[in-house]
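The following report was prepared for a reader who wants the local geometry set out together with the cut-offs behind each term. Please keep the sequence and the coordinates in view while reading.

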Amino acid sequence: MPYFLRLLLLLFYLILLVESRNPRRRSWSGQLEMPRLSHLYKKTHDITKLQKGKTEQLLRVDEHDFTMRPAFGGPAIPVGVDVQVESLDSISEVDMDFTMTLYLRHYWKDERLSFPSTTNKSMTFDGRLVKKIWVPDVFFVHSKRSFTHDTTTDNIMLRVFPDGHVLYSMRITVTAMCNMDFSHFPLDSQTCSLELESYAYTDEDLMLYWKNGDESLKTDEKISLSQFLIHKFHTTSRLAFYSSTGWYNRLYINFTLRRHIFFFLLQTYFPATLMVMLSWVSFWIDHRAVPARVSLGSTTVLTMSTIITGVNASMPRVSYIKAVDIYLWVSFVFVFLSVLEYAAVNYLTTVQERKERKLRDKVPCTCGMLHSRTIMLDGNYSESEANSLAGYTRSHIVTDEEKQEKIVVHLALSDESNTSRKKGLKGHMGLRIIQNTHVIDKYSRLIFPIFYIFFNLIYWSVFC
C-alpha cells in the first residue's frame, strides 16, 4: 500500500510538471497573454517619465528656495530673449499709442531644476508650475495696458531640460506709448518702440540680451495696417539708469511705419484743390451778377472751413503746424482772396458809376461857344460813342417827340480840349486797370492759378 501511494504521487507530480511546461495551459492562472510587439513598435521610454511620484519631487522644487534668483551671490544670470510678433493691431494718432500681440520667450539656466535623464529629453509644463519656480520679472516700459491670453487656458509654456536650461514662453497683447511727430502729417513716417526691462534686478543680478541678435525678432508676413506700411523691424539694447535703484538692461523692439497717402489725397487734398478751383469760376461771371458771385464765394469758404474742421477733429491737439494744415490754410486763403477780389470789383464799379453820374449832372453850358455841336445821347452811351457822333446835330439824331426820353449833352470840341484829353490819357494809363473792372477779373484768371500751381510745386517738393 505505501508503494502504491508513492506511485500515485509520482504520477501526479509528473502530470503537474508537464502541465506547467505547456504554454497552452496558462489560461488557468487568470492572466491574459500579451502578443509580442514587433521591432517597429518598440519604444524606449525615458526613466524620468516612468518614475512614480510628483513632478515637483522629480525637479526637487521643495528642496530649494526659488524666491532667490539662480546662482545668488555670484555673477549676473544671463537671460536671453526672443520675440515673435503675431500682429500689429492698431495705431492711434489721438492717443499716441499702438497695440501689439506677440510671443515673448525667455531662456536661462537654473541648475536647481536639473534632473536625471537617460535620453536627454525635456519636460514641458503649463502655467501652474511657473508659480512655484523663479522666472525673470520682465515688464514693458511705457505700457498703458497689457494682458496674457487665457483662452482656453493661460497661454504660458515652460520647458525644462535635464541640464537645467529653461524655456519660458507666453502670448501677450500690450498697448504701449509711441511718441509721434506730426509735423509732416499725412506725409510722415513714425518710429515706435516696445521696451522690455527687469523690474527688480539690476544689471549686477540679471543681464537681459537678445538671444540671436537681430534674428531674435520674427514677424508674421501677413501683418498689415489700413493706414500704414510697415517699413522695418529691428532690435536694439542699452542701459537705463534710475537715480534711486541703479542701472538696468533694456531691450527695444523698434519698427518704422510709413503712412499711406492715397486716403488723404481722396479725402483732403483733392476736395481742397477742387474748392480753390471752384472759387475761380467767379472770375468768369459778370460782375453785375451779385447773387451768383456772392453765393459761390460763400459756399467755397464754408466748404473749406468744414474740411479743416474734419481733419483737425481726428488729430491730437498739437502745438505745432502740420503739413496738412499748411496746405488747407493756404487753400483757404486763396478761396478767401477770390471773395475779396469780387468785393474790390463791386466797390470800384460803384465808385466809377458814381463819378459818371456826377459828370452827367455837371455838364457845362455851351451857349455862345464857337464850333460847338449838340447831340442827343442815351444814358447808356460811352464817351467813345459820344465822340463818334460829334458831327451830327440835334435834328439828325432825335425828333421833338423823343426829347423827354433823351439827355441833351453839349460837346464843346476845340483843339485845346483834344490836346489836353490826349495828355490826360497818357498820364493815367496806370489807373485804367482800376477804372475798368473787367480788367481785374481778366488778370485774376491768370494770377490766381499761377500762384496756386507754384505753391503746389513747392509744397510737394518739400514734404515728399
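The text below takes up aromatic contacts, then a helix, then strands and their pairing.

The model is predicted, so that local features need pLDDT of at least 70 and side-chain atom pairs count only at pLDDT 80 or more, whereas totals for chains, interfaces and linings use all residues. Residues are numbered from 1 along each chain as its sequence is written, and side-chain values use heavy atoms, with hydrogens and water left out.

## Aromatic contacts

Rings of Phe, Tyr and Trp (its six-membered ring) are taken as a pair if their centres lie within 6.5 Å, and planes under 30 degrees apart count as stacked, over 60 as edge-to-face and the rest as tilted. By this rule the count comes to 26 aromatic pairs. Two of them are set out here.

| Pair | Centre to centre | Angle between planes | Class |
|---|---|---|---|
| Tyr269 and Tyr459 | 6.2 Å | 50° | tilted |
| Phe334 and Phe448 | 6.4 Å | 75° | edge-to-face |

Helices (H or I, at least four residues) and strands (E, at least two) are DSSP runs, numbered from the N terminus. Tyr269 lies in helix 5 (residues 262-279) and Tyr459 in helix 12 (residues 437-463), so their pair ties together parts that are 190 residues apart in sequence. Phe334 belongs to helix 7 (residues 323-361) and Phe448 to helix 12, so this pair links parts that are 114 residues apart in sequence.

Buried means under 20% relative accessible area, exposed over 50%, and partly exposed in between (1.4 Å probe, protein chains only). Tyr269 counts as buried at 1% relative accessibility, and Tyr459 counts as buried at 3%; Phe334 and Phe448 are buried as well.

A charge sits over a ring if NZ of Lys or CZ of Arg is within 6 Å of the ring centre and within 35 degrees of the ring normal. Lys211 lies over the face of Tyr107, at 4.8 Å from the ring centre, and Arg238 lies over the face of Tyr252, at 4.6 Å from the ring centre.

## Helix 6

Helix 6 (residues 290-313) has 24 residues and reaches 35 Å from its first C-alpha to its last, close to the 34 Å expected, where the expected span is 1.5 Å times one less than the number of residues. Among the buried residues of helix 6 are Leu296, Thr300, Met304 and Ile308. An α-helix has 3.6 residues a turn, so residues three or four places apart point the same way.

## Strands and their pairing

Two strands pair if DSSP finds at least two bridges between them. Four strands form an open sheet in the order 4-8-12-11, with antiparallel pairing; its edge strands, strand 4 (138-141) and strand 11 (228-242), each pair on one side only. Strand 11 is joined to strand 12 (residues 246-259) by 14 bridges, and Phe228 has Arg259 in strand 12 as its bridge partner.

Strand 7 (residues 165-177) is mostly covered, with ten of its 13 residues buried. Antiparallel to strand 7 run strand 2 (residues 97-109), joined to it by 13 bridges, and strand 5 (residues 143-148), joined to it by five bridges. Ile172 in strand 7 is the bridge partner of Leu102 and also of Thr148. Strand 6 (residues 156-160) is likewise antiparallel to strand 7, with five bridges, and Leu158 stands opposite Tyr168. Strand 6 and strand 7 form a hairpin with four residues between them, and Gly164 in the turn has a positive phi of about 100°.
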